[in-house]
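Please read them alongside the sequence and the coordinates.

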Amino acid sequence: MEELRKKARELLTSGAVKVIIGYGPGSGKRVRAVFVRKPEQADLLICDDRCLQNLAVYLTKPEVKALGKAAVVARLPTLRAILQLAAENQLTDGQVVALGISPEGKMTELSQFKAIEEFLAGFSFELSAEEKATLEKLDQMTPEQRWQFWQEQFAKCVRCYGCRASCPLCYCEKCLAECNQPQWIPAASHQIGNLDWHIIRAMHLANRCVNCGDCSRACPVGIPLHLLNQKLAEEVFKQFGARSGMKAAQEYALCNWKLEDRENFIK
Amino acid sequence: MSEFEPKIVAFVCNWCTYAGADLTGTSRIKYASNVRMIRLPCTGRIDFMLLLKAFEQGADGIIVSGCHPNDCHYTAGNFHARRRWMMFRSLLDFLGIDTRRIHFAWVSAAEGAKWAEFVNSVTDQVRKLGPNEQYQKLSQAGVE
Amino acid sequence: MIIEKKLLKQDSVEKLFAKLKADGRRILAPKAQGDEIFFEQVASASEMAKDYIQTTLSPKGAVFPRVEALFRYQMEGKDVKIENNSEPQPTVIFGLRPCDAASFAILNSVFSWDYQDSQFKSRLAQTAAITVSCSRADEYCFCTSVGGSPGDTKGSDILLTRIGSGDYLAEILTEKGKAMVTLAPELFAEAPSEDKEKYLAKVPVKFDLKKLTEKLPEAFNNNELWMEQSLRCLGCGACAFVCPACVCFDIQDESKRESGVRLRCWDSCGFSLFTAHTSGHNPRPVQSQRWRQRVMHKFSYFNDRQKYLGCVGCGRCSRKCPADMNLLEHLKAIAEAR
């Protein structure tokens, strides 16, 4: 943590960046995103197990961009989100400095995408055993049971769009959920509207989600939304061998094709 | 009581399947009248939202069909569509939606007979599944 | 105004539920789903969540549902048949907190302001509140700063306070409350001469409301203040949707060919779309202005027009904010600014 604060102070003092997006003290035992703009505020920065929010979500916000060049405290999913944003032409090389935090809590300054790629190459992007087991459990249910499970979950959804707002890859200025001519997704949080919304969200994040889990953490009613994304991420990997957020220049699996793609479900 | 007759919505591409279905007609081959065809420029244009809307509007079954691989009028529309359907199908299955109600096919402009056979087989399968209760129950749920 | 005080044994709650149901009422009570607690219909009192400071969503859905049909229509030849929503079922909300109970008057002040919203009013008229006072509070609670308290009787029909024996001291507060007692008079025994105060949570006053309301009009133009407070705000609607006093709604028409329904759905001023015009112009183009709107509406405009605050201090917005926007902290900062 001292290392991080020292680096933050340095970066701000030298003027290399104008703002450090990091974690600072929040309500009670919580931490929250802080935007450190003065070297003397660097001591606010915290880096421990509570720091889970994917801060890459702020990199595309106009208000935050207006503060000037940013350095962002970045755990693995945040680093992946940065590369994915780069792959989608939302960030350019050198626009952001990542203060990469390894799972052991060690900080590395990564100022180029290439450095982030190399750093990430050292870590597996496999789901944890626990995550796999949860997916497995759902897969083993009958379709009726799965339907029941998800309908109960979606019945809680109030359509606050916390899942969308917290997602670093949901940067569209106008979301499909807001289009009303024609209106594809009912704005009402009834069962059809909620089902449509969650299908759309999952589909639009296939091969883009970096598995940070912020959608589920943000959800005020406790819907395990990340499972939908994990399912599709696994499916994309299985079928097309693609993982999101690995390279600053990589193709999007769903904007791509191979002659030999599986088609045993097509008559 | 008359037997349940499913409503099937078919999303087809303009260049192959629609022309194929035309051939079915001009060849005077009879096939199930349960199908309502919606012509789109290309399978690449068949957004998965269209399929969801069809279910919401009361479809019991859905057909999606277009040009065979390498035959796409726009070169690769069907290849892109194929990947999207793979993901969509696995997501629907994960959500517990009955994927036996959605059928995909490649039907060329020369395959009038295949189209008739395909529609008949889908209609039979969906007839056996019965009305799409999953979606019918949803339509009023969550409104007070 | 207390009509009378009684004692309700803890094992009598189940019997009370049975009597209320026999009277044709639905009972909404806190029920756990995973880590979250929702007001749901319960078959038995044993299904209720045991230990909670606050529920996830407020009970406002009973009077102002998340999605409600205002009317349905059906084309019949050249005619249109319009069907109004049916009369709401009599409802008893059990286990809400005094802050939640206080919110009904706020909602009502909007729905019966210039236009009398018959659907809301009939739901409200059919709803009775059996509130349970708070024995615990957390750092997010600030009811006492906005005119409430952990044992406040405002808005409740019956207020229950759990006393040492585990039984409830019942304060019967309104005619509606009395009517419920009349359904099962045998369950309500003579009240012991206990003071409920000692069983209540301690919630210190956390800011000076008068100072806050005085300072807000002036703070309106302090762009830096709003910008600094809201920089981390993600612009979701979680705060508004968990809030017991947020009343904003959106009207949605959903139609098939010959029939359709007009729906009223919750909406939130935190969304950029909330104020977007058809032309593309948005009078509140940035999140800081939406955050300002939220604070100003609740603590300044509401106060001026409705003679109520738009906040009961339940703390849900802050507990549930994914970016830890802590309303209390920001209000304090404004009230204490020099």
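Predicted model: local features only at pLDDT ≥ 70, side-chain atom pairs only at ≥ 80, totals over all residues.

1. Strand E3 of chain A is covered on both faces, with Ala70(A), Val72(A) and Ala74(A) buried on one side and Ala71(A) and Val73(A) buried on the other.

2. Which strands pair with E3(A)? Strand E1 of chain A (residues 19-25) runs parallel to E3(A) and is joined to it by 3 bridges, and within this pairing Val19(A) has Ala70(A) as its bridge partner. Strand E4 of chain A (residues 96-101) also pairs with E3(A) in the parallel sense, over 5 bridges, and here Leu99(A) of E4(A) stands opposite Val73(A). Both of these E3(A) residues, Ala70(A) and Val73(A), are among the buried ones, Ala70(A) on one side of the strand and Val73(A) on the other.

3. The domain assignment divides chain A into domain 1 (2-121) and domain 2 (129-255), whose centres, taken over C-alpha atoms, are separated by 25 Å. Between them, 19 residues of domain 1 of chain A are in contact with 18 residues of domain 2 of chain A. On the domain 1 side, the elements that give two or more residues are helix H3 (76-87) and helix H4 (113-121) of chain A, and the largest share, 8 residues, comes from H3(A). By class, that side of domain 1 of chain A divides into 11 nonpolar, 5 polar and 3 charged residues.

4. Helix H6 of chain A (residues 143-155) deserves a separate comment. Its 13 residues reach 18 Å from the first C-alpha to the last, close to the 18 Å expected at 1.5 Å a residue. In H6(A), the residues Trp150(A), Gln153(A) and Phe154(A) are buried; they cover an arc of only 95 degrees around the axis, which puts them on the same side of H6(A). An α-helix has 3.6 residues a turn, so residues three or four places apart point the same way. On the other side of H6(A), Glu144(A), Gln145(A) and Glu152(A) are exposed, while helix H8 of chain A (191-204) is included in what covers the buried residues of H6(A).

5. How many residues of chain A are in contact with chain B? There are 33 residues of chain A in contact with 34 residues of chain B. The elements that give two or more residues to the chain A side are H6, H8 and helix H10 (226-240) of chain A, and H8(A) gives the most, with 7 residues. The side of chain A that touches chain B divides into 20 nonpolar, 4 polar and 9 charged residues.

6. The contact between them involves 22 residues of domain 1 of chain C and 19 residues of domain 2 of chain C, and the domain 1 side has 12 nonpolar, 8 polar and 2 charged residues.

Methods. Residues numbered from 1 in each chain as written. Chains lettered and ligands numbered in written order. Helix = DSSP H or I, 4+ residues; strand = E, 2+ residues; numbered from the N terminus. Expected span 1.5 Å × (residues − 1). Buried ≥ 20, exposed ≤ 12 C-beta atoms within 10 Å, placed from the backbone. Arc of directions from axis to C-beta. Contact = placed C-beta atoms within 7 Å. Nonpolar A, V, L, I, M, F, W, Y, C, P; charged D, E, K, R; others polar. Pairing = 2+ DSSP bridges. Domains from an automatic or database assignment.
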